Amino acid sequence: MNATPLDQLLRTQTGIWRGLHSKNQNWRTIASGFAELDALLPGGGWPLGGVLEILSPCLGIGELSLLLPAMAYITQTKRWIAWIAPPQQVYAPALLQAGIDASYVLVVDCRQEADIPWSLEKLLRSGRCGMALAWPRRLSDHQIRRLQLAAEAGSALAVLFPKQRSGSGYTALRLEVRPAKTGLALQILKARGSLQRASLTLPL
């Protein structure tokens, strides 16, 4: 069997993941606002319809700055940004300075940890929410799979800042961030549709 029939056969099998630079990428992306990062991400940006997991050694090292340009774009398109049980108060002046329309920002106060995945899933699936952020202690593979499906249904980006590394195979993108002398160091640990692993430092 030569390459062409084999390639055609592989394309008809939905259960086969084709790794590096797959041509079957049919998911939408949104520009991160950082050209050097977009050049490393499959599709050229954050995956709309996917779960993004950001791992950091502590809060407040600039991880949210990574998302501000995309947040601004999403609110300009009249879609909501949901903050699910943020660990600190959302600072509205900083959002406004970043060009985010605060009238499309929703803060959800979850009193119990178990309410976080439920709230996330409902908002992602709604179709009106463009991005939902949450800081869960830990989510199971089953819960992340449900969030992935909800994000796909609503064409939204779920951003998780887990307190414990999940290692779930269902996340579309997993980054690790650390403070660096010149900004924020990023390492791409997993990217759907690509075997590429890369790191860079952004001057944040």
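# Strands, cores and a pocket

β6 and β7 run parallel and are joined by 4 bridges. The model is predicted.

Me: What makes β6 and β7 a pair?
Reply: Two strands pair if DSSP finds at least two bridges between them. Here 4 bridges join β6 to β7, so the pair meets that cut-off. In β7, Leu160 is the bridge partner of Ala134.

Me: How do you know that β3 pairs with β7?
Reply: By the bridges again. There are 4 between β3 and β7, and these strands run parallel. At least two are needed, so β3 and β7 count as a pair. Leu52 stands opposite Val159 in β7.

Me: Why are both faces of β7 called covered?
Reply: Look at its residues. Leu157 and Val159 are on one side, Ala158 and Leu160 on the other, and all are buried. Buried means under 20% relative accessible area.

Me: Which residues touch the most other members of the largest nonpolar core?
Reply: Trp46, Leu66, Leu67 and Leu133, in a core of 36 residues. Elements giving two or more residues to this core include β3 (50-55), α3 (68-76), β6 (129-134) and β7 (157-160). A second, separate core has 21 residues, among them Val108, Leu123, Ala150 and Leu160.

Me: Why do such cores form?
Reply: In soluble globular proteins, nonpolar side chains tend to be buried together.

Me: What does Leu133 touch, not counting residues up to four places away in sequence?
Reply: Leu64, Leu67, Met71, Ile81, Ala82, Trp83, Ile84, Val159 and Phe161. Contact here means heavy atoms within 4.5 Å.

Me: Why is Lys78 called exposed?
Reply: Its relative accessible area is 52%. Exposed means over 50%, so Lys78 qualifies. Lys78 sits in the loop between α3 and β4. Its phi is positive, about 70°, although Lys78 is not a glycine.

Me: Which loop holds Ala85, and what is its phi?
Reply: Ala85 lies in the loop between β4 and α4 (92-97). Its phi is about 45°, a positive value in a residue that is not a glycine.

Me: What lines the second largest pocket?
Reply: 17 residues line it, with Leu64, Trp83, Gln88, Gln89 and Tyr91 nearest its centre. The pocket has a volume of about 350 Å³.

Me: How many residues of each class are in that lining?
Reply: The lining has 11 nonpolar, 5 polar and 1 charged residues.

Terms used
Residues numbered from 1 in each chain as written. Predicted model: local features only at pLDDT ≥ 70, side-chain atom pairs only at ≥ 80, totals over all residues. Heavy atoms only, no water. Core = buried A, V, L, I, M, F, W, Y, C linked by side-chain atoms within 4.5 Å. Buried < 20%, exposed > 50% of the residue type's maximum accessible area, 1.4 Å probe, protein only. 1 Å grid on protein atoms, 1.4 Å probe; cavity = no way out; pocket = protein on both sides within 12 Å on 5 of 7 lines; lining within 4 Å. Points joined across faces, edges and corners; volume = space filled by probe spheres on them. Nonpolar A, V, L, I, M, F, W, Y, C, P; charged D, E, K, R; others polar.
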